There are 4 protein chains.
Amino acid sequence: MRDLRVTVWNEFRHEKSHKEVQAIYPDGIHAVIAAGLREHGYTNVRVATLDEPENGLPQSVLDETDVLTWWGHMAHGEVADATVDRVHQRVLAGMGLIVLHSGHHSKIFRRLMGTSCSLRWREAGERERLWVVSPGHPIAAGLDPYFEIPEVEMYGEHFDIPQPDELVLISWFQGGEVFRSGCCFTRGHGKIFYFRPGHETHPIYYHPQVRQVIANAVAWAAPVKSFPFAYGGGRAINVKEPLEALG
Amino acid sequence: MRDLRVTVWNEFRHEKSHKEVQAIYPDGIHAVIAAGLREHGYTNVRVATLDEPENGLPQSVLDETDVLTWWGHMAHGEVADATVDRVHQRVLAGMGLIVLHSGHHSKIFRRLMGTSCSLRWREAGERERLWVVSPGHPIAAGLDPYFEIPEVEMYGEHFDIPQPDELVLISWFQGGEVFRSGCCFTRGHGKIFYFRPGHETHPIYYHPQVRQVIANAVAWAAPVKSFPFAYGGGRAINVKEPLEALG
Amino acid sequence: MRDLRVTVWNEFRHEKSHKEVQAIYPDGIHAVIAAGLREHGYTNVRVATLDEPENGLPQSVLDETDVLTWWGHMAHGEVADATVDRVHQRVLAGMGLIVLHSGHHSKIFRRLMGTSCSLRWREAGERERLWVVSPGHPIAAGLDPYFEIPEVEMYGEHFDIPQPDELVLISWFQGGEVFRSGCCFTRGHGKIFYFRPGHETHPIYYHPQVRQVIANAVAWAAPVKSFPFAYGGGRAINVKEPLEALG
Amino acid sequence: MRDLRVTVWNEFRHEKSHKEVQAIYPDGIHAVIAAGLREHGYTNVRVATLDEPENGLPQSVLDETDVLTWWGHMAHGEVADATVDRVHQRVLAGMGLIVLHSGHHSKIFRRLMGTSCSLRWREAGERERLWVVSPGHPIAAGLDPYFEIPEVEMYGEHFDIPQPDELVLISWFQGGEVFRSGCCFTRGHGKIFYFRPGHETHPIYYHPQVRQVIANAVAWAAPVKSFPFAYGGGRAINVKEPLEALG
């Protein structure tokens, strides 16, 4: 499992332009997320960023990716539609996708969900406490009944997503809100996990439980080798011969 | 409930070009679906078709529609993207949507689902038997444990949709397939029901149980008057003042 | 809808023995819940209590009940198993059941859920804020994005229930916890709603939004007239004649 | 994963009394199910049967079981209530449970589901075809879009279970019925998979895809090491000290 091919994607803009972000993530948020995965035993982790050719995600990279993690915030609109198309098709064909924090508003997450994926938010450096509501779920492995993050950007309900297939974590915020923070979905053959924590101005991706959850989610989202996805490009299958004789 | 404002949308092309379809639906499939709703007591039913201005669905019509039913097949690509945008926003804001048969491949259904919405199919005039798997669901009202349709186009699994929030009906086909034929979803404030039966070359929308299910689905999909949808156009809400004092 | 036959069941013990409870609910919690339903237009509301013959729920009462609301706390163990059996069979046959607050530990709720239905709790008179996470659900009708209750007993996660079919409300508590406070389930033909608010030492059932939610839930849980429940007493159905000829 | 501690439980009565069953399962159904798991690489498989002391499932055996498979049919009523209590508590604490075929009517499955778990059935040796509806689910690993079993006992809808958290397989039957044949549930910390195929008079547990699914299901149902189940015996947790100061 730990030899899954993981690609950590990052928009990688705040880190170039904001000094306070550079101080926390000098090599980019992707470097720290990748380090967290390696810490949890993943041996096959690469990174990709927005300003690389084809947004760092040409077909060849996607074809060799089992699970993709996604962090974006200020430049969602700059991700090429062709990139979104490629990622979308790969998810339907089985690639796992872990959408982090402000990735809720990314083109790819909104396309997969079919909703606005919008929410309430506040930047006040308040406390968050994440409660496990599905302790038997593999993404909860290694967790206590809750864990805390001392200073965060708040995300609050109503979070406009389809009801998750499985809800693993709910956040409490000091300022009075709650949020569905760990949400599992399946689209096509692919599994998707939305995980709320993260922000460019707080050192969230160094946090041990945050790293634990991301590592768990990658394992959970691994592709399953059943029959291949048959509907690439939206085609249907005409089964001319019935399986049973029609009387 | 029976004064809900229902708009029955139809592509209305097969009926103009195919004699066998004209024979079954001389005034269009929409006329027969609307008649079925009126038979079940709906008093406020209008129709709209693809070739009307703005595809028959200008903002003014959508604003006055509580539940929209959708039938399309050969001309999905001709529905304007602006029309799809308008319908999408109205569903998120609470309008119910009943997607019928070949509407599974419509732009609006695929956008709301986030998947290919594709499937296996066969035209052989075989028998279908629809089994109720959620007898306590309002869409099952008035049904027996199963009902039959003598001659249908077959749709078979794998049907590439997100797992329905509630699965109400499963079809058995003479030729050997099964299908999730009655599927409930919520997106934003809006409720969506996919219902499989229907085809232009069989008199499906005269069938009493088919009419019963569509009438039930319209009632189920009625908008709920909670707080208004807040995320039109994808905007988020910045809650600058916390609800609780931050210590 | 407002002529549904509703039975409001109450253990009715705290009100007899605790002065502070008498002060809030002089005629019993059931009287106040019933008043709230009448306020919302229900015309056919009766009450029943533990110490009546057959716990106030003989077969004749259950047979004439469309939706039953349940409040119990200190005497769950005194509800006769025969009463639980009768209620259980009626829910499977289609009767709606609204389980309130400490009813989470009632015999009937635990039997229907199959889990311990246990939770964390604290009596400290703290603030609760209930957030709507399914604004399109009929149980959310008339609600704003959240509502508050000034002083409550806290219930916290992990709440040991099966994942709800639909989650409508999540609570935030001043002391740091969250809770799935409005949970929909279906068992057999019957619909079940668990609603957290309520306690004997706080005037919760006078609260306008609490009354709104209970009134909404009763309408949602109304029995659906599909085919009758066929498996009373656990029997199976031997379909000796196949529906299709076996070749 | 393949060193999970699996216990294969069998009622083991038909095999002693019915010659035709002996001919198919001379060492008992459990021996063949265990052989199938070993074929798939499981190295730590033991068996247990009804007529052993404590029904073969004393606390010591359950404490050392990660996943339990259950086959019973003619003697559900002879399983001691104390055995059901022990298995129930172990499932809530995290043990996986795979319920096979006629186990749908076992005491433990009915207790975990809260419903009658009843269904329609017919013994006519007809053909069954199982369709994968969740190709991305780990229980579908290694499967084609469908697989067939030439001669089976039929189980048909309505199957009176709670809506599964995930539905993996739907069966088509020659005689005209459908059935939800592969159903995932979570109760407490434990995962449960109901799998329809199997009967004492057909050699179902030699079938390669049936063995594949059971092997997959065991891996999926493995316990997750999050925090321990806290509610043994139904106790609740009084959190006297709030996590946040109450103002």
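**Close-up views of a predicted assembly**

**View 1. A:Trp121 stands opposite B:Asn238 in strand E10 of chain B.** The pairing shown is between strand E5 (residues 120-132) of chain A and E10(B), which run parallel and are joined by 2 bridges. Two strands are taken to pair if DSSP finds at least two bridges between them. Helices (H or I, at least four residues) and strands (E, at least two) are DSSP runs, numbered from the N terminus. The model is predicted, and local features need pLDDT of at least 70, side-chain atom pairs count only at pLDDT 80 or more, and totals for chains, interfaces and linings use all residues. Residues are numbered from 1 along each chain as its sequence is written, while chains are lettered from A and ligands numbered from 1 in the order in which they are written.

**View 2. The contact between chains B and A takes 38 residues from chain B and 38 residues from chain A.** Residues are in contact if their C-beta atoms, placed from the backbone, lie within 7 Å. On the side of chain B that touches chain A, two or more residues come from each of helix H6 (107-113), strand E5 (120-132), strand E8 (178-187) and strand E10 (237-238) of chain B. E5(B) gives the most, with 5 residues. By class, this side of chain B has 15 nonpolar, 13 polar and 10 charged residues; Ala, Val, Leu, Ile, Met, Phe, Trp, Tyr, Cys and Pro count as nonpolar, Asp, Glu, Lys and Arg as charged, and the others, Gly among them, as polar.

View 3. The same surface serves both copies, as 100% of the contact residues of chain B recur in chain A.

**View 4. In the contact of chain A with chain C, 16 residues of chain A meet 16 residues of chain C.** E5, strand E7 (166-173) and strand E8 (178-187) of chain A each supply at least two residues of the side that touches chain C. That side of chain A divides into 8 nonpolar, 3 polar and 5 charged residues.

Conventions:
Contact = placed C-beta atoms within 7 Å.
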